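Please keep the sequence and the model at hand while reading.

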Amino acid sequence: MRELKNTIRQSLRQRKDSMKPEERREKSNRICRHLLELINDGETIMVYTSKEKEVNTAHLISTLLERGNPVVVPIIVKEDVSLRLSYLKDISALIPSTFNVPEPIGREIPARGDDVDTIILPMHGFDRKGRRIGYGAGYYDRFLAKNRKLRKIGIAFSCQEYENLPVDEHDIPMDYIITEEGIVYPNRG
């Protein structure tokens, strides 16, 4: 199963890498507009801080902060393959850290999984059954296993869709998946 997932990841990475930066930026903006329609006032949102070729979440984070939504971001803890959480009050607190992921190192405001209402997850790929494939280390899978009550929203570019992703018993399905085309899971029609 691991080998199959790695082959799928490689194929999906090539699709995403073939996008031009301006295309990625435009599609990221569309994804974030669709996503904001699902966010309630006052809801605490945990959102990943994007790297170069992922759906860019900088505008989303700024908009949530402007709207007054509490924002929580993950901090990667390599030693035990876990996520530590921090509230984010200002996007300028983010600096490239582990795996070049922007994190509020030195400006952390501790948060707990229980503080979060909705989590916005990165995805290497997805299918229309709500399944997600991540980057392979399992950081988010471990976090979700301990925090099952969260509403889970995966975001990705439509080119990252895979017809039928294989799943392990520890893989947790998303409640929603959003691409630049809108909400593609759950199917509302």
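## Residues, sheet and helices

Lysine 78 has its place in the loop between E2 and E3, where helices (H or I, at least four residues) and strands (E, at least two) are DSSP runs numbered from the N terminus. The model is predicted, and local features need pLDDT of at least 70 while side-chain atom pairs count only at pLDDT 80 or more, although totals for chains, interfaces and linings use all residues. Residues are numbered from 1 along each chain as its sequence is written, and side-chain values use heavy atoms, with hydrogens and water left out.

Glutamate 79 is placed in the loop between E2 and E3 as well.

| Residue | Relative accessible area | Class |
|---|---|---|
| Lysine 78 | 47% | partly exposed |
| Glutamate 79 | 73% | exposed |
| Phenylalanine 99 | 47% | partly exposed |
| Tyrosine 139 | 11% | buried |
| Threonine 44 | 8% | buried |

Leaving aside residues up to four places away in sequence, lysine 78 touches Thr98, Phe99 and Tyr139, contact meaning heavy atoms within 4.5 Å.

The structure holds 1 aromatic pair, for which the ring centres of Phe, Tyr or Trp (its six-membered ring) must lie within 6.5 Å, with planes under 30 degrees apart counted as stacked, over 60 as edge-to-face and the rest as tilted. The centres of phenylalanine 99 and tyrosine 139 are 6.4 Å apart and their planes stand at 70°, so the pair is edge-to-face. Because phenylalanine 99 lies in the loop between strand E4 (95-96) and strand E5 (102-103) and tyrosine 139 in helix H4, the pair ties together parts that are 40 residues apart in sequence.

The sheet is open and has 8 strands in the order E6-E3-E2-E1-E7-E10-E11-E12, with mixed pairing; two strands pair if DSSP finds at least two bridges between them. Its edge strands, E6 (110-111) and E12 (182-185), each pair on one side only. Strands E10 (residues 151-155) and E11 (residues 176-179) run parallel and are joined by 3 bridges, and isoleucine 153 has tyrosine 176 in E11 as its bridge partner.

Helix H4 (residues 139-146) packs on the sheet, touching strand E1 (45-47), strand E2 (71-77), strand E3 (82-88), E7 and E10. Helix H2 (residues 21-36) lies across strand E7 (118-122), E10, E11 and E12, running at about 145° to E11, where axes are lines fitted to C-alpha atoms, for helices over the stretch in contact, and angles run from 0 to 180 degrees between N-to-C directions. The buried residues of H2 are Arg24, Lys27, Ser28, Ile31, Cys32, Leu35 and Leu36, and what covers them includes helix H1 (2-17), helix H3 (58-67), E7, E10 and E11.

Threonine 44, in the loop between H2 and E1, touches Pro70, Val72, Tyr87, Asp115, Val116, Asp117 and Thr118, again not counting residues up to four places away in sequence.

How values were computed: Buried < 20%, exposed > 50% of the residue type's maximum accessible area, 1.4 Å probe, protein only.
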